[in-house]
Amino acid sequence: MADPMGALRPATVLAAWEEGQTQTAVERALTLLGRALPAERRDEISDLSIGRRDALLLELRARSFGPVAPCVVRCPACE
């Protein structure tokens, strides 16, 4: 990937969400990366390894929403 990846703007996130409603999880990932890397062709993005694609998705998430991802995990031992 030669082009630097930028953060997604709110309107871009909304458009990707609307487009992704009928897509598979992999297609949604490619849609998001395609919007973040507009100079790259979609077929080049789809040729990435799963690990590289997922790393780019995590980087895109951090650039768009910040480095902290709040979450809650339930302990299976004590609930």
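A: Valine 13 sits in helix H1, which covers residues 10-20. The model is predicted. Buried would require under 20%, and exposed over 50%.

Now its surroundings. Leaving out residues up to four places away in sequence, valine 13 touches Leu8 and Phe65. Leucine 32 is 19 residues from valine 13 along the chain, and their C-alpha atoms are 8.0 Å apart.

Next, the helix pair. H2 spans residues 25-36, and its axis comes within 10 Å of the H1 axis. The two axes cross at roughly 155°. Angles over 145 degrees count as roughly antiparallel, and H1 and H2 are therefore roughly antiparallel to each other. The crossing of H1 past H2 is right-handed.

Which residues of H1 and H2 meet? H1 contributes Thr12, Ala15, Ala16, Glu19 and Gly20. H2 contributes Arg28, Thr31, Leu32 and Arg35. By class, this contact has three nonpolar, three polar and three charged residues.

On to the charges. Side chains of opposite charge can pair when their charged atoms come close. How many salt bridges does a search of the whole structure find? The count is three.

One of them joins arginine 35 and glutamate 19, with the closest N and O atoms 2.5 Å apart. Arginine 35 lies in H2 and glutamate 19 in H1, so the pair ties together parts that are 16 residues apart in sequence. Both partners have intermediate accessibility values. Arginine 35 has 33% relative accessibility and counts as partly exposed. Glutamate 19, at 35%, is also partly exposed.

Another pair is arginine 63 with glutamate 59, whose closest N and O atoms are 2.6 Å apart. Both residues belong to helix H4, residues 50-65. They are four residues apart there, so about one helical turn separates them. Arginine 63 is partly exposed at 42% relative accessibility. Glutamate 59 is partly exposed at 29%.

The remaining pair is aspartate 54 with arginine 53. Their side chains meet in a salt bridge with an N to O distance of 3.4 Å. Aspartate 54 is partly exposed, with a relative accessible area of 33%. Arginine 53, at 14% relative accessibility, counts as buried, since the cut-off for buried is under 20%.

How values were computed
Residues are numbered from 1 along each chain as its sequence is written. This is a predicted model: local features need pLDDT of at least 70, side-chain atom pairs count only at pLDDT 80 or more; totals for chains, interfaces and linings use all residues. Side-chain values use heavy atoms; hydrogens and water are left out. Helices (H or I, at least four residues) and strands (E, at least two) are DSSP runs, numbered from the N terminus. Contact means heavy atoms within 4.5 Å. Axes are lines fitted to C-alpha atoms, for helices over the stretch in contact, and angles run from 0 to 180 degrees between N-to-C directions. Angles under 35 degrees count as roughly parallel, over 145 as roughly antiparallel, 65 to 115 as roughly perpendicular and the rest as oblique. A crossing is left-handed if the near helix is turned anticlockwise from the far one by less than a right angle, and right-handed if clockwise. Ala, Val, Leu, Ile, Met, Phe, Trp, Tyr, Cys and Pro count as nonpolar, Asp, Glu, Lys and Arg as charged, and the others, Gly among them, as polar. A salt bridge is a side-chain nitrogen of Lys or Arg within 4 Å of a carboxyl oxygen of Asp or Glu. Buried means under 20% relative accessible area, exposed over 50%, partly exposed in between (1.4 Å probe, protein chains only).
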